[in-house]
Amino acid sequence: GVGSKRFRWVLSEELPRLAEELNRIESIRSYLQNAVQLEALVGDLEDAALFVMAGHTHTGNMFSSKLSISSISDDNGRKHDNLIQAIKAMNDIEQVLVTIVKFHPQWQCLLRSVDVRVDKILAVLRPQIFADHRALLASLGWPPKLLQSENGSKQISSLPNPLLLMQEDKRRNYSRSFIVLCALQHLQDKREERQLKMKRETQNLRLWAIDELVSPIASRMEYHFGKWTEQPEYIFALAYKVTRGFITGVDDVLQPLIDKAGLLSCSAKEAWVYAIVQMLSGFLAKKVFSSLAERYNIKHLKPDVLSSWLHLIDHIIAFDKKMQSLVNQDTCFLAESGNFEGPSRGMSVLSIFCDRHDWLKIWAKLEFKNAWAKLNSELKDEKTWVVSSKCNNGIDADQEQLLSTIEDHKAPPIAELFLKIIWEMIKRCETMPSILSRAKYIRSAAGRFIWYFFKIMLLRFKSTELSPRNSDDVAIVRACGLINAAKYISIKLQEWNDAVEFLEMKIAEKDSSKKTQDDTVDSDCFFYEEIRSLFEMETNWLVEIIAVILRQFEILSWEYVQNKGNFEEDQDYTNLGVASEALDLVVSNDFVETLDALKGWLSIVKINLNRKDFLDLWRNIAEGLDHYISSSILTSEIRFSNIGINQFDADMKALIFIFQPFCARPHAFFPYINEILKLLKLKKEEANQIQVLLSIDESGPKCLHLHGISHLSVNQVNKVLRYRNWAT
């Protein structure tokens with residue numbers, strides 16, 4: 001029955017065991033089926049390979065001139081068919097192996113045994129395929145002679161292109177051989193992807209068939225290169241001439257063959273340019289840069305190395321751009337100036353430095369020295385530190401601050417020159433294929449240069465004699481110029497941070513396990529530390545200017561603040577003929593000089609400081625003056641008379657009026673002074689009422705808010721009201 005013990009035993013033990021046994025049998029069946037299929041495919045491959053080698057044994061070199069044309073054509077056709085059959089068998093084998101890796105990764109022994117047999121066949125076929133292809137190229141007259149004009153090395157005459165001169169039979173034979181090489185490379189790429197268990201992230205620019213074209217012509221080019229190691233311009237001229245001379249034929253003849261071979265993502269032009277670049281890079285690394293690096297370690301030779309190295313880099317950069325234009329000459333929508341994105345990034349002679357970090361460091365040091373020499377000649381000229389007269393001083397306060405030019409930020413010319421040099425250093429490595437290598441170069445060259453300039457700015461500010469006792473305007477003007485420079489440089493660095501190239505470099509640095517000093521979101525910026533340092537310098541220097549102006553105000557207004565007689569005594573104005581209602585227009589004599597000095601300082605700063613920092617400066621000065629005067633009034637225990645209140649009101653209106661050009665309601669930035677005046681102008685009954693209410697702890701603050709007092713504390717309000725002289 002359903003509830004019996006045997007039934008439960010069958011469900012719990014017997015059925016799972018039977019299912020497991022069935023799975024084992026199915027696995028064995030699948031294994032045997034795949035093994036039989038692979039054995040058949042490998043057998044077909046071995047038969048095809050045997051036919052290929054047997055045909056070669058009988059005919060020898062099929063492209064020998066002793067054989068008849070018809071014999072060559074027939075033998076080539078049979079051999080081509082056998083090679084295609086062999087490659088097809090290997091592709092079929094690879095498809096089965098990919099399926100096994102995906103669904104049965106435990107069958108490692110089967111995978112290894114098949115790979116070993118295929119590798120043995122490839123070890124025999126591959127050299128023979130390459131040898132036949134090279135013999136075919138030689139029969140076509142490749143490589144052509146590099147004919148020199150009568151001017152020797154200065155000009156290279158036009159080069160004949162055997163690819164365009166092939167006869168029909170040779171064209172057919174070459175096409176077959178080219179397609180076989182492409183198919184063999186495609187097979188090899190698939191096998192490597194399976195064995196390494198990783199898919200290629202970037203397109204492979206290298207084609208074996210193109211390399212076979214470049215290899216023989218490279219040996220002839222290197223013969224000439226060896227004579228021009230001290231004249232690199234001839235090296236690059238020859239390399240460009242050869243590349244340009246054959247690129248049309250390569251594209252017209254070989255691109256259709258690549259498409260026919262099924263390599264739809266490959267470009268004949270890119271592969272041709274890439275092969276030439278790699279050949280040239282290898283020669284420069286072996287014969288030129290290695291020698292320059294050795295000479296760099298010799299102290300007295302360093303100046304010569306600097307000029308030679310940078311001269312060579314100039315030619316490399318120009319050459320890379322020319323090669324890029326050759327690749328993009330028929331695709332105008334991609335040929336934007338300076339655009340080296342995508343696969344074309346690999347076509348750069350600067351790839352030399354990606355594997356030689358010691359040379360990369362030398363290059364960065366030399367670029368730094370060269371940049372420093374350019375800037376150092378301008379640092380001593382005081383005109384480069386002076387704010388330009390073209391700066392926009394009349395910016396409307398209601399305008400949105402979208403400022404980017406040096407005139408808008410009132411930065412001195414030295415800041416623009418510094419950024420120009422930095423940008424030139426950065427642009428020199430833009431064709432380097434490795435993102436991480438570019439980041440290292442920029443850190444070592446441009447980054448180091450940035451920090452050195454920061455030190456100069458710090459030293460220059462320290463030498464600025466900003467002092468409360470120093471009434472010279474030159475010091476403030478000089479300090480404003482440095483603040484403007486720091487502001488402008490930080491904005492430009494932030495603009496660069498937002499570019500894709502710098503985001504990629506920052507990501508590459510993080511991926512290489514580079515430790516960051518800050519975990520905030522802004523630390524994702526490439527120039528985060530530099531921008532933070534600039535912000536600190538800008539803030540500290542602004543605070544120093546504010547402190548100097550406030551201290552100078554305190555010194556000049558000391559007698560005014562300490563003179564209680566200005567506010568306590570009833571003064572006789574009858575001899576002046578001034579009505580009592582006009583007394584609020586009179587400013588204390590000992591306060592006029594202070595106000596005039598403050599107005600002069602603010603005018604100078606407004607002319608020379610950028611708008612954003614000036615906005616922060618005058619607001620902080622207003623806040624400081626509000627705090628200073630209110631504290632002085634509260635601590636001096638002045639007993640204000642009615643006329644004294646009018647006098648104090650007139651003085652404060654004059655003070656606040658100085659800030660009128662900077663905003664519509666400047667009195668809003670003097671809350672303590674406004675509230676003190678409001679308390680002093682209260683009638684005696686209102687003042688007594690407030691004092692009574694303040695004696696009640698719970699209702700005191702609420703009472704102050706009802707009378708518009710929100711900044712002064714209860715004790716401060718009591719102190720003001722207590723010393724109000726109601727007798728006058």
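Predicted model: local features only at pLDDT ≥ 70, side-chain atom pairs only at ≥ 80, totals over all residues.
Two packed helices are described by the angle between their axes and the distance between the axes. Helix α13, residues 473-497, packs against helix α15, residues 528-556, at an angle of about 155°, and their axes lie 9 Å apart. Because angles over 145 degrees count as roughly antiparallel, α13 is roughly antiparallel to α15. The crossing of α13 past α15 is left-handed. On the α13 side, the contact is formed by Ala479, Cys480, Leu482, Ile483, Ala486, Lys487, Ile489, Ser490, Leu493, Gln494 and Asn497. The α15 side contributes Glu530, Ile531, Leu534, Glu538, Trp541, Leu542 and Ile545. Sorted by class, the contact of α13 with α15 comprises 12 nonpolar, three polar and three charged residues.

A further helix pair is formed by α18, residues 589-608, and α19, residues 611-636, whose axes come within 10 Å and cross at roughly 160°. This angle makes α18 roughly antiparallel to α19. Here α18 passes α19 in a right-handed crossing, whereas the crossing of α13 past α15 is left-handed. In the contact, Leu598, Leu602, Val605 and Lys606 of α18 meet Phe614, Leu617, Ile621 and Leu625 of α19. The residues of this contact divide into seven nonpolar and one charged, with no polar residue.

Rolling a probe the size of a water molecule over the atoms shows where empty space is left. In this model, four cavities of 30 Å³ or more were counted. The second largest cavity has a volume of about 60 Å³. Its lining consists of Ile633, Leu634, Glu637, Ile638, Phe640, Leu680, Lys719, Val720 and Tyr723. The elements that each supply two or more residues to this lining are α19 and α24, the latter spanning residues 714-722. By class, the lining of the second largest cavity has seven nonpolar, two charged and no polar residues.

Two features of the backbone were also noted. A cis peptide bond, with omega of about 5°, joins Trp142 and Pro143. Pro143 is located in the loop between α3 (108-139) and α4 (168-196). Lys410 has a positive phi of about 55°, although Lys410 is not a glycine. The position of Lys410 is in the loop between α10 (357-379) and α11 (413-427).

Conventions. Residues numbered from 1 in each chain as written. Heavy atoms only, no water. Axes fitted to C-alpha atoms, helices over the stretch in contact; angles between N-to-C directions. Helix = DSSP H or I, 4+ residues; strand = E, 2+ residues; numbered from the N terminus. Parallel < 35°, antiparallel > 145°, perpendicular 65-115°, else oblique. Left-handed = near helix turned anticlockwise from the far one by under 90°. Contact = heavy atoms within 4.5 Å. Nonpolar A, V, L, I, M, F, W, Y, C, P; charged D, E, K, R; others polar. 1 Å grid on protein atoms, 1.4 Å probe; cavity = no way out; pocket = protein on both sides within 12 Å on 5 of 7 lines; lining within 4 Å. Points joined across faces, edges and corners; volume = space filled by probe spheres on them.
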